[in-house]
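Here is a friendly walk through a protein chain, for anyone meeting it without any background. Have the sequence and the model open as you read.

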Amino acid sequence: MAKLLIRRDEMILLKNSEAGKNFDLYGNLFATLQTYDVLSEDEFYKNQTLDDKARAVILNNKKILFDEIKNEWIGIGCNDEATGEVRCQLCRTKNKLVFYIHNKLNDNELNVGSECIKKFPGIKNVAKIRRTYNEQQKYQAEVKRRIEFDEIDLANINYIKEAEEWFKNFRILLPYKLFNDIKTILYNLNSLKATYIKSGGEITHIKQQYFEFKGILEKCKSEAENIYEVNKGHILICRKELADWLNVNHHDIWEAVMKNGGLLNSETLKYCYYTKFVQSHLKRFNARISDKDISIIGMNGPLIRLTIKNSDYIYPLYFGINCNVFMQNIGCYCLTNKNYYFGKKELVNISVEQTNSNFDAMCNRIMPPLERIGLQIERSRYTNEKYYVRLPQITRTSKWSNRVETTELGYKKIAESAIFTKFSDLVFASDEEIEIAFARILSQLNRTTKWLTKDEKDKMEEISKSLSIQQQREFVPYA
Ligand SMILES: [Zn+2]
């Protein structure tokens, strides 16, 4: 067969383009080729009308011409499979995928098959259209496989999702092995589905694996439900809310509970200071108090609130203990040892609530030992400021003289948080301990500070009273 100088596809593209008409560059090439479908070497030499420029282009500079032609065209889209087969206008063969290209200079349009388009690489936008098309094809194939997968177990179309929900919301923490078996089998089911959708595979084989996995999961599920039924009334069961909290705050403890068959014990309970959990056991904790003058009355944020009322505390005192400290030292035994009781000496790190009634209750309790060392604590009724009060004392002027003098009443302001901290340490202290603690404070005050006279103190009170009134005035809005 004779060698072709211009192929059929090239000829059609050339005839539909403008570049070839440039007489200065390509001579009479465009006009002469109008009667040809292809140009063979034989015909080229037989032809008498082609001029020298046209001959030079055909023999040696075809690339320049077709580069110019290529630049006239732009891809504007492609057919999808739904359109059916479309003929390529360059080679007349039917194609599943054709690209529509548009000539910017003369508005001609051509359908070019997916093979022919490769002969003219670099036509603008074609690569992008191909990419979009490929993505769409891939997406459609995935949709098809997703539906195929769903057909496997049509009666339980959301089986995997529902099983995951069931597991996520299971009411108690399960034993370690069962928990991990369920986790693994759910992972396998999900990855079976995901892999099939993404990459395909033998559907009968997929189906067989799916039902195998499902069978194992169903067995695990009934085992889990059975464990729940048997243990649901157990005091040491770890319910979902606590389990989730442990998982976030003490992951190792969460694991330790599972390894203990899903039950809490005195070691793991030490870390169960989740307030809702502690709150749910307050009655039980209260029943384990051996000192009958103390009782648990509720919660205040992360603190358990307690109160004490006895001959020392004629006015009840309210104090708190952090759930964390409580569970670590007391709570963990209350729930695991039926012979365990606790009292004042187990209540460490307590804090007295900063209220005026607590201040008064505490002052009332420490008054007798304080008076023995000539000290008092009082609170101003107007400004609520707190003071140490040094009571007048009779002292001899010297060892050798019988002459005595009386020291004046003295006042010293106390920072509120400091005095409550001090109180908190002494809630259960004996008179002697209180006396020693404040004697130390008194001697320190005598060494380091000047006591105010009653007049000086009253003046200061007046000033702060009027200041607070003035401040209140400043905030009164204009009527
Ligand atoms: Zn073609």
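Two bits of housekeeping come before the tour. This is a predicted model, where local features need pLDDT of at least 70 and side-chain atom pairs count only at pLDDT 80 or more, while totals for chains, interfaces and linings use all residues. Residues are numbered from 1 along each chain as its sequence is written.

Let's begin with the overall outline. The chain has 20 helices and 16 strands; here helices (H or I, at least four residues) and strands (E, at least two) are DSSP runs, numbered from the N terminus. Its radius of gyration is 47 Å, well over the 23 Å that the globule rule gives for 479 residues, so the chain is more spread out than a compact globule. That radius is taken over C-alpha atoms, and the globule rule is 2.2 Å times the number of residues to the power 0.38. Along its principal axes, the C-alpha trace spans about 155 × 65 × 50 Å.

How much of the chain is buried? Of the 479 residues, 21% count as buried. A residue is buried if 20 or more other C-beta atoms lie within 10 Å of its own, exposed if 12 or fewer, and partly exposed in between, with C-beta atoms placed from the backbone. As for contacts (C-beta atoms, placed from the backbone, within 7 Å), take those between residues at least 6 apart in sequence: 63% of them join residues at least 24 apart.

Two strands count as paired if DSSP finds at least two bridges between them. Strand 3 (residues 73–78) pairs with strand 6 (residues 98–103) in the antiparallel sense over five bridges, and W73 has N103 in strand 6 as its bridge partner. Strand 6 is also joined to strand 7 (residues 109–113) by five bridges, again antiparallel, with F99 standing opposite V112 of strand 7. Strands 6 and 7 form a hairpin with five residues between them, and D107 in the turn has a positive phi of about 65 degrees.

Strand 8 pairs with strand 9 (residues 303–308) over six bridges, and I296 stands opposite L306 in strand 9.

A nonpolar core is a set of buried Ala, Val, Leu, Ile, Met, Phe, Trp, Tyr and Cys residues joined through C-beta atoms within 7 Å. The largest one has 55 residues, and those with the most contacts inside it are C272 and M327. Helix 16 gives the largest share of this core, six residues, while domain 2 and domain 3 each supply at least three. Leaving aside neighbours within four places in sequence, M327 is in contact with L269, K270, C272, Y273, V278 and C332. Apart from this core lies another, of 25 residues, including I12, L13, L97 and V98.

Another open sheet has three strands in the order 12-13-16, with antiparallel pairing. Its edge strands are strand 12 (375–379) and strand 16 (410–414), each pairing on one side only. Strand 13 (residues 386–390) and strand 16 share five bridges, and V389 has Y411 as its bridge partner.

Finally, look at T395, in strand 14 (residues 394–396). Is T395 buried or exposed? With 9 C-beta neighbours inside 10 Å, T395 counts as exposed. Its C-alpha atom is separated by 5.6 Å from that of E405, 10 residues apart along the chain. Not counting residues up to four places away in sequence, T395 touches V404, E405 and T407.

Key:
Two residues are in contact if their C-beta atoms, placed from the backbone, lie within 7 Å. Domain bounds come from an automatic or database domain assignment.
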